[in-house]
Amino acid sequence: LARVKALVKADPDVTLASQEAVFVLARATELFVETIAKDAYVYAQQGKRKTLQRKDLDNAIEAIDEFAFLE
């Protein structure tokens, strides 16, 4: 939570952020990373690998509409 709070404070447009807001941002980030990692892992398995590589993430971003904002 301390890292998320530091990132929030680094934004000049944000003046105050409650503990609840910081917690929700941290949890949303955890869920996002979990989702994209699971989707990218499918592509790693197709390549008969257990380690995610950048190309696996790129493939997941390209194939899944939910991640279109990352292109």
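Residues are numbered from 1 along each chain as its sequence is written, and side-chain values use heavy atoms, with hydrogens and water left out. As the model is predicted, local features need pLDDT of at least 70 and side-chain atom pairs count only at pLDDT 80 or more, whereas totals for chains, interfaces and linings use all residues.

Helices are DSSP runs (H or I, at least four residues) numbered from the N terminus. Two packed helices are described by the angle between their axes and the distance between the axes. Axes are lines fitted to C-alpha atoms, for helices over the stretch in contact, and angles run from 0 to 180 degrees between N-to-C directions. Helix H1 (residues 2–10) packs with helix H2 (residues 19–46) at an angle of about 105°, and the axes of H1 and H2 are 9 Å apart. H1 is therefore roughly perpendicular to H2, a term that covers angles of 65 to 115 degrees. On the H1 side, Val4, Lys5 and Val8 meet Gln19, Val22, Leu25 and Ala26 of H2, where contact means heavy atoms within 4.5 Å. By class, five nonpolar residues, one polar and one charged make up the contact of H1 with H2. In this scheme Ala, Val, Leu, Ile, Met, Phe, Trp, Tyr, Cys and Pro count as nonpolar, Asp, Glu, Lys and Arg as charged, and the others, Gly among them, as polar.

Leu25, in helix H2, is in contact with Val4 and Val8 when its neighbours within four places in sequence are left aside. Its relative accessibility is 43%, so Leu25 counts as partly exposed; buried means under 20% relative accessible area, exposed over 50%, and partly exposed in between (1.4 Å probe, protein chains only). Between Leu25 and Pro12, which are 13 residues apart in sequence, the C-alpha to C-alpha distance is 17 Å.

H2 also packs with helix H3 (residues 54–63), at an angle of about 110° and with axes 8 Å apart. H2 and H3 are therefore roughly perpendicular to each other. From H2, Ile36, Asp39, Ala40, Tyr43 and Ala44 meet Asp56, Leu57, Asn59, Ala60, Ile61 and Ala63 of H3. Eight nonpolar, one polar and two charged residues form the contact of H2 with H3.

Lys48 is placed in the loop between H2 and H3. Most residues other than glycine have a negative phi. The phi of Lys48, by contrast, is near 60°, a positive value in a residue other than glycine. With a relative accessible area of 78%, Lys48 is exposed.

Two aromatic pairs are present in the structure. Rings of Phe, Tyr and Trp (its six-membered ring) pair if their centres lie within 6.5 Å; planes under 30 degrees apart count as stacked, over 60 as edge-to-face and the rest as tilted. Phe32 and Phe67 form an edge-to-face pair, with 6.0 Å centre to centre and 85° between the planes. Since Phe32 lies in helix H2 and Phe67 in the segment after H3, this pair ties together parts that are 35 residues apart in sequence. Phe32 is partly exposed at 32% relative accessibility, whereas Phe67 is buried at 3%.

The pair of Phe32 and Phe69 is tilted, with 6.2 Å centre to centre and 45° between the planes. Phe69 likewise lies in the segment after H3, so its pair with Phe32 of helix H2 ties together parts that are 37 residues apart in sequence. Phe69 counts as exposed, at 60% relative accessibility.

Key
Helices (H or I, at least four residues) and strands (E, at least two) are DSSP runs, numbered from the N terminus. Angles under 35 degrees count as roughly parallel, over 145 as roughly antiparallel, 65 to 115 as roughly perpendicular and the rest as oblique.
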